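Here is a friendly note to read with the model open beside you.

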Amino acid sequence: MASMSGRGSWRTGSTGGPGPRRYLPVRRISARFCPFGDSAKVVPNTTFCSCRAVQSPTVRAAGGVVADGKRAGRDRYFDTLRAVAIIRVVLFHAYPIAAFELVFPSMGVMFALGGSLMVRSLDRNAPRAIRNRLRRLLPALWVMGLIAVPVMIHHGWPDRPTWPRLLLWAFPIADPPSSQFGYPAAGVLWYLVTYLWLVLLSPVLLRLYRRWNLPTVLLPLVALMLLMAYPDTVGAAAFWVLVNVLGFGSCWVLGMAHREGDLARLGTPLVLGTAVICVSGGLAWAYTHPGEDGVNLADLPVAYAVYSIGFVLALLRWSPRMDWLARARPVDSFVSMVNNRAVTIYLWHNVAITVAVALIVPFKLWEIPNETLQYVADFSIAMAMLVVCVLSLGWVEDLAARRRPRISPFVRRRRTRPAPPVAVPVAA
């Protein structure tokens, strides 16, 4: 499908005729071009601007909040979804209860957000977009590798791979190797491997989507079904990389559909019906095919992919107003903090949880009479460990984003009063 975005001009000049001028707020005037943003966007099949409010350039540059809760350059709905997804991941690894996977399929949502944000960058400059994504992703991994690899070698790594394979800690096109001792650190790196491949494939996926939209959404899912039917066609390492890339590829492409505006044009009954079918279908498959540990969607790649597609459709079809978030300052600050340190939290949370478990005996947490309090104490230690990681290593994300490095993950924002609507002259 051809892109509906392009650069346009916005003029607030003369009405072109004699007589008095009348001024009306911009948001009440029919328009075909959005007057601000990264690029002017044509709104298909409508005569109204796609934005809900207009702010002056001064307010936008100062990071003001527009009417739907979007700060300049940031989508607060996306920020909130990302924060919820990361929190759910941390909770699931701390308490591996299958219900957490059912409540919110975090990984599918995060890949959908990545696909949506990738489109905006690709339309500007595809090679630069890929370089920028890698620059934001890899430095935090390099720091983890500089710490984890020497620790694993020092602790003892009987089947240590050759140095060329250790380079996967620098550019993870496959899962970086680890010892059994270092697995809590390396076990979460499949997400970075999958993200890296989807970033590299994004120019091709976007071109395919704009030509054949629905087939491109379904292509990864169909390929995943074929791979699961014939698993011996590739080696073990490539198999798991393909399972993850194909399993979340449809969510990534749905994110592209969101950025292209195609999801917003779908009717509510169609979206809700498809979402319900996907979610219920994934659940039905999981319940009828339980594993050794019972029902677990994560152990069924096709079922989990279909389940995630249903959630992503429902979450990205609508963009709710987020102006309430700016008024709830503690929540707003927490969402910003999680987004500022998202990679660090993801990479180190499992290490923090593992360290907390190892401290149960030295700290004699088992002597706490109440089991619930034992869990609370253990989780509190894990969160304290994670805070230490965020404070000591989170500044790497600032460098990767070309920001001034900060120890604190909280950013104090200058509050400004919203500017009044821009007046546009119209003919009398």
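**Notes on the model**

1. I173 is found in the loop between α6 (163–166) and α7 (183–186); helices here are DSSP runs of H or I with at least four residues, numbered from the N terminus. Please bear in mind that this is a predicted model, in which local features need pLDDT of at least 70 and side-chain atom pairs count only at pLDDT 80 or more, while totals for chains, interfaces and linings use all residues. Residues are numbered from 1 along each chain as its sequence is written, and side-chain values use heavy atoms, with hydrogens and water left out.

2. I173 and W190 are 17 residues apart along the chain, and their C-alpha atoms are separated by 9.6 Å.

3. Does the length of helix α8 agree or disagree with what its residue count predicts? The helix has 22 residues (190–211) and should span 32 Å at 1.5 Å a residue, and its end C-alpha atoms are 30 Å apart, so the two agree. The expected span is 1.5 Å times one less than the number of residues.

4. There is also a bend of about 55 degrees in α8 at S202, and a proline, P203, follows within four residues. The bend is the angle between axes fitted to the seven residues ending at a residue and the seven starting there.

5. On the surface, L214, L218, V222, L226 and Y230 form a nonpolar patch with about 510 Å² of accessible area together. Patch members have over 30% relative accessible area and no salt bridge, and nonpolar side chains (Val, Leu, Ile, Met, Phe, Trp, Tyr) are joined within 5 Å; a salt bridge is a side-chain nitrogen of Lys or Arg within 4 Å of a carboxyl oxygen of Asp or Glu. Areas come from the Shrake-Rupley method with a 1.4 Å probe. One of the members, L218, lies in helix α9 (residues 213–229) and is partly exposed because its relative accessible area is 41%.

6. How many disulfides does a search of the whole structure find? It finds zero, taking a disulfide as a pair of cysteine sulfur atoms within 2.5 Å. For C251, the nearest cysteine sulfur is that of C278, 9.7 Å away. C251 counts as buried because its relative accessibility is 0%, and C278 is buried with a relative accessible area of 13%.

7. Lastly, Y287 sits in helix α11 (residues 268–288) and counts as exposed because its relative accessibility is 51%. The C-alpha atoms of Y287 and L297 are separated by 8.9 Å, with the two residues ten apart along the chain.

Notes: Helix = DSSP H or I, 4+ residues; strand = E, 2+ residues; numbered from the N terminus. Patch = residues over 30% accessible without salt bridge, like charges linked within 9 Å, V, L, I, M, F, W, Y side chains within 5 Å. Buried < 20%, exposed > 50% of the residue type's maximum accessible area, 1.4 Å probe, protein only.
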